[in-house]
Structures are given as C-alpha cells and as structure tokens.
Amino acid sequence: MTKISIVVPTYNEADNIEALVCGVFGLGLDLELIIVDDASPDGTGKIADRLCGKYPNLRVIHRSERGLASAVVEGFKAAEGRILGVMDADFSHPLDAVPRVIAPIAEGSADVAIGSRYIPGGEIQGWNMLRKITSRGAVLLARPLTPVKDPVSGFIFLNRAVLDGTSLSPAGYKIGLEILVKGRYRRAVEIPYTFKNRDTGKSKLNIREYWNYIIHLTRLYRYRLTRLFR
Ligand SMILES: Nc1nc2c(ncn2[C@@H]2O[C@H](COP(=O)(O)OP(=O)(O)O)[C@@H](O)[C@H]2O)c(=O)[nH]1
Ligand SMILES: [Mg+2]
C-alpha cells in the first residue's frame with residue numbers, strides 16, 4: 001500500500017481532536033497523521049501530544065506563529081508519505097470522503113485530487129448566506145488562476161512529487177490554491193463531497209483572513225504573470 005501523510009492544522013480544536021485522530025486511524029489506511037498546532041490556548045497541542053502514546057503513527061508539530069496554510073506547509077516538510085493530504089480538524093471534511101479523495105492519487109489517475117463542493121454532487125451544509133457569498137466571491141477571484149471549480153478547498157490530496165522544486169509561501173488559509181498555482185502536475189481532478197459546518201468549537205475565519213486572501217491572490221497573480229512573460 002502507498003504510504004499517505006495527512007496533515008491537520010489545528011487552532012483551538014480541543015473538543016474535536018481526539019475524535020478526529022481516532023476516526024482517521026479508524027479508516028484502516030497505511031497513513032501517518034501530522035497535527036500542526038499553533039500554540040492553541042485551549043490545550044489542543046497537549047491533547048495531541050498525549051494521543052501520540054496511543055497512536056504510533058501520529059506526530060505533532062508545535063509552532064508559535066499563526067497561519068493555517070503555512071502550518072500545512074510545515075506539516076508537508078515533515079511528512080514521509082508518497083501521498084500528501086490535508087483536512088480540517090472539525091469534521092467539515094467527512095471521514096468517509098477521505099478514501100474517495102485519495103483514490104485517484106493512489107490509482108495513479110491524477111496527481112492532485114481536490115475535495116470539491118462546487119461540482120455536481122458536492123454540497124455545503126450549515127453555512128449562512130454571507131459565508132456562502134464570500135466563498136463564491138473567493139472562487140471568482142481565483143478563476144483566472146485555475147479551471148478548478150473549488151480552488152479554495154482545504155481538502156486536498158496530491159503526489160508528493162507535485163511539490164518538487166516548488167517554494168510554497170501562502171498567506172492565510174488557502175493551501176489548495178497555492179498548490180494548484182505552484183505545483184507541478186499534469187492532472188487535477190475534483191471529487192464531490194458534502195462540507196458540513198462544524199458542530200463544536202468556533203471557526204477562526206475572520207476579517208483578517210479576507211485581507212490575507214487578497215494578499216495571497218496578489219502574490220499568485222504576480223507569480224503567474226512573471227512566468228508568462230519569461
Ligand atoms: N495551525 C493552525 N490551524 C488553524 C489556524 N486557523 C485555523 N486552523 C485550523 O484549520 C482548520 C479550518 O479552520 P476553521 O476555523 O474551521 O475554518 P472554516 O472551516 O473555514 O470556518 C481547522 O482544523 C482549524 O483548527 C491557524 O492559525 N493555525
Ligand atoms: Mg471549519
């Protein structure tokens with residue numbers, strides 16, 4: 001079986017982390033799980049450390065700075081798997097969708113597989129209208145960068161070779177978009193899934209992250225343009 005490294009960024013996920021770790025290992029896949037915690041005040045990092053005694057394939061990286069996407073980059077650097085992936089800690093990316101998103105990479109039919117809410121069969125449950133509109137707006141702003149319908153997805157798997165020779169420097173949340181723009185891949189596929197808004201804990205998405213997204217987009221457009229005219 002191909003070894004898979006799943007990176008889960010966490011900030012204040014004390015209510016979710018144990019169930020998530022248990023659920024991921026319960027999938028029965030050959031995987032390592034890397035939690036990257038940014039000094040969560042609610043003790044998520046400590047809970048994760050404790051779980052390492054129970055799950056030999058669990059590792060925890062502790063950082064002192066904040067940033068979802070940069071935490072994932074840190075996790076990828078430590079990862080040993082041939083397949084890399086990222087998912088949230090709050091069960092918004094359902095466990096039963098994980099094998100479906102990994103499948104195209106494991107089978108070799110794609111280099112990047114994106115869990116997608118914006119293709120037929122995909123759905124979002126539990127978001128208010130404002131959140132739905134801002135997400136659609138974020139997708140529109142990224143449209144010229146990639147044909148992928150859900151480029152702001154945080155549920156994504158890839159061959160580690162996709163990152164060879166790349167230098168990832170995402171600002172904010174959108175690790176998937178960073179990979180889609182800078183990664184080296186021939187085929188990216190989207191796998192529909194139902195995003196379920198979290199039941200416990202709070203979203204960390206705030207106005208600052210909207211601003212980070214604009215900064216991130218600016219960098220990615222500049223990156224794309226400099227390569228276009230080289
Ligand atoms: N390491 C790290 N993880 C973060 C940070 N912000 C959010 N996360 C994690 O990233 C995932 C998605 O965040 P969430 O707040 O649920 O965002 P939403 O689903 O877009 O509302 C969750 O697992 C969070 O714990 C951060 O600054 N650092
Ligand atoms: Mg969430």
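In this predicted model, Phe157 is buried, with a relative accessible area of 0%. Phe155 is buried too, and its relative accessible area is likewise 0%. Both values fall in the buried class because that class covers anything under 20%.

The aromatic rings were examined next. The count comes to four aromatic pairs. In one of these, the ring centres of Phe155 and Phe157 lie 6.3 Å apart, and the planes meet at 70 degrees, so the pair is edge-to-face. The label follows because an angle over 60 degrees counts as edge-to-face. A pair of aromatic rings is described by the distance of the centres and the angle of the planes. Ring pairs also bring in Tyr193, which forms a cluster with Phe155 and Phe157.

The charged end of Arg66 sits over the ring of Tyr11, at 3.5 Å from the ring centre. The charged end of Arg117 sits over the ring of Phe195, and here the distance to the ring centre is 5.2 Å.

Attention then turned to the pockets. The largest pocket has a volume of about 780 Å³. Its lining is made up of 40 residues. Nearest the centre of this pocket lie Leu68, Arg131, Tyr173, Lys174 and Leu205. Several elements of secondary structure contribute to the lining. Strand S1 (4-10) supplies at least two residues, and so does each of the helices H3 (68-78), H5 (129-142) and H7 (207-228). Helix H5 gives the most, with five residues. Sorted by class, the lining of the largest pocket holds 19 nonpolar residues, ten polar ones and eleven charged ones.

The second largest pocket holds about 190 Å³ of space. Its lining includes Val73, Phe76, Lys77 and Leu84. Arg160, Leu163 and Asp164 also line this pocket, together with Thr166, Ser167 and Leu168. Helix H3 provides the largest share of this lining, three residues. By class, the lining of the second largest pocket divides into five nonpolar, two polar and three charged residues.

Definitions and conventions: Residues are numbered from 1 along each chain as its sequence is written. Chains are lettered from A and ligands numbered from 1 in the order in which they are written. This is a predicted model: local features need pLDDT of at least 70, side-chain atom pairs count only at pLDDT 80 or more; totals for chains, interfaces and linings use all residues. Side-chain values use heavy atoms; hydrogens and water are left out. On a 1 Å grid over the protein atoms alone, a cavity is a set of points where a 1.4 Å probe fits but cannot get out, and a pocket is an open set with protein on both sides within 12 Å along at least five of seven lines; lining residues have an atom within 4 Å of a point. Grid points are joined across faces, edges and corners, and a volume is the space filled by probe spheres set on the points. Helices (H or I, at least four residues) and strands (E, at least two) are DSSP runs, numbered from the N terminus. Ala, Val, Leu, Ile, Met, Phe, Trp, Tyr, Cys and Pro count as nonpolar, Asp, Glu, Lys and Arg as charged, and the others, Gly among them, as polar. Rings of Phe, Tyr and Trp (its six-membered ring) pair if their centres lie within 6.5 Å; planes under 30 degrees apart count as stacked, over 60 as edge-to-face and the rest as tilted. Buried means under 20% relative accessible area, exposed over 50%, partly exposed in between (1.4 Å probe, protein chains only). A charge sits over a ring if NZ of Lys or CZ of Arg is within 6 Å of the ring centre and within 35 degrees of the ring normal.
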